[in-house]
Amino acid sequence: MTSSGRDFLAAPVLFGAYGVIRILDGLDDVRGPGLAWTAGHLCFLAGLVFFVRGFATMRTLAGRRDRWARAGLALGVVGAVALTVQFGADVVTGLLADDHADMARLSDDFGSLPGVELAFYTVGPMLFFVGQIVLALRLYALRRLPVWAPCLVFATALMPFATKDLIPLGAVLLLLAYAPLARSSSADRTAATRA
């Protein structure tokens, strides 16, 4: 398996790890600060790196000149940056805080800065999912993914709105959605690069 194929496995696995750690951290009805809070958020941040690499591979598979794939990649990367700031701020507040109340206060201080809520908590992170859906739909249109793959990606994007406890299930769905890409040969990638 190529390194780009491993990206499509590592990204959902790390997101799933974040989801499981998040659930375990909340068993006492309080999330953070502490080791579980930090470890879970670091898993998520590492997963973002693999997702961005996977998005770049998806754009390559669609053809470097494909406008939809370029748009999907751009949206996905902007969303990943927003999520990186959000989760990075969570890690920092978790490390600086003495207890959960202190962490919440620090987080509120950051979130109340002009533009932060919109850029890093509401609109910005949504672009990560929108970009991912655009890329999956484009690869379906080009017959690089089966029809159920973008459906699973879309379902995963909706799950956190119901409850964030569904993140591990979403990670499993993403593993299934991206399994055909994880198995793609390096020869396919070379051919797509020349397109």
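R53 counts as partly exposed because its relative accessibility is 39%, where buried means under 20% relative accessible area, exposed over 50% and partly exposed in between, with a 1.4 Å probe and protein chains only. The model is predicted, so local features need pLDDT of at least 70 and side-chain atom pairs count only at pLDDT 80 or more, while totals for chains, interfaces and linings use all residues. Residues are numbered from 1 along each chain as its sequence is written, and side-chain values use heavy atoms, with hydrogens and water left out.

R53 forms a salt bridge with D7, and the closest N and O atoms are 3.1 Å apart. A salt bridge here is a side-chain nitrogen of Lys or Arg within 4 Å of a carboxyl oxygen of Asp or Glu. The pair links distant parts of the chain, with R53 in helix α2 and D7 in helix α1, 46 residues apart. Helices are DSSP runs of H or I with at least four residues, strands are runs of E with at least two, and both are numbered from the N terminus. D7 is buried, with a relative accessible area of 4%.

The structure holds 6 salt bridges. Another of them joins R22 to D165, with the closest N and O atoms 3.0 Å apart. R22 lies in helix α1 and D165 in the loop between α6 and α7, so this pair ties together parts that are 143 residues apart in sequence. R22 is buried at a relative accessible area of 16%, whereas D165 counts as partly exposed at 39% relative accessibility.

D102 and R105 form a salt bridge whose closest N and O atoms are 2.7 Å apart. Both residues lie in helix α4, 3 residues apart, which is about one turn of the helix. D102 is buried, with a relative accessible area of 16%, and R105 counts as partly exposed at 43%. Salt bridges that share partners also join R22, R31 and D165 into one network.

What does a search for disulfides find in the whole structure? The search finds 0 disulfides, a disulfide being a pair of cysteine sulfur atoms within 2.5 Å. C43 counts as buried at 18% relative accessibility, and C151 counts as partly exposed at 48%.

The empty space comes next. Rolling a probe the size of a water molecule over the atoms shows where such space is left. On a 1 Å grid over the protein atoms alone, a cavity is a set of points where a 1.4 Å probe fits but cannot get out, and a pocket is an open set with protein on both sides within 12 Å along at least five of seven lines; lining residues have an atom within 4 Å of a point. Grid points are joined across faces, edges and corners, and a volume is the space filled by probe spheres set on the points.

The largest pocket holds about 700 Å³ of space. It is lined by 31 residues, and the closest to its centre are Q86, F87, P160, K164 and I167. Two or more lining residues come from each of α1 (3–25), α2 (35–62), α3 (67–96), α5 (116–141), α6 (148–162) and α7 (167–182). By class, the lining has 20 nonpolar, 6 polar and 5 charged residues. In this scheme Ala, Val, Leu, Ile, Met, Phe, Trp, Tyr, Cys and Pro count as nonpolar, Asp, Glu, Lys and Arg as charged, and the others, Gly among them, as polar.

About 160 Å³ of space lies in the second largest pocket. Its lining consists of R31, W37, D90, T93, H100, M103, A104, S107 and Y121. The elements that give two or more residues to this lining are α3 and α4 (100–111), and α4 gives the most, with 4 residues. The lining divides into 4 nonpolar, 3 polar and 2 charged residues.

The count comes to 1 cavity of 30 Å³ or more, and the largest cavity has a volume of about 30 Å³. D7, the salt-bridge partner of R53, is among the residues that line this cavity, together with F8, A11, P12, F50, F51, G54, F55 and Y178. α1 and α2 are the elements that give two or more residues to the cavity lining. The lining comprises 7 nonpolar, 1 polar and 1 charged residue.

Y178 also belongs to the buried residues of α7, which include I167, P168, L173, L174 and P180.
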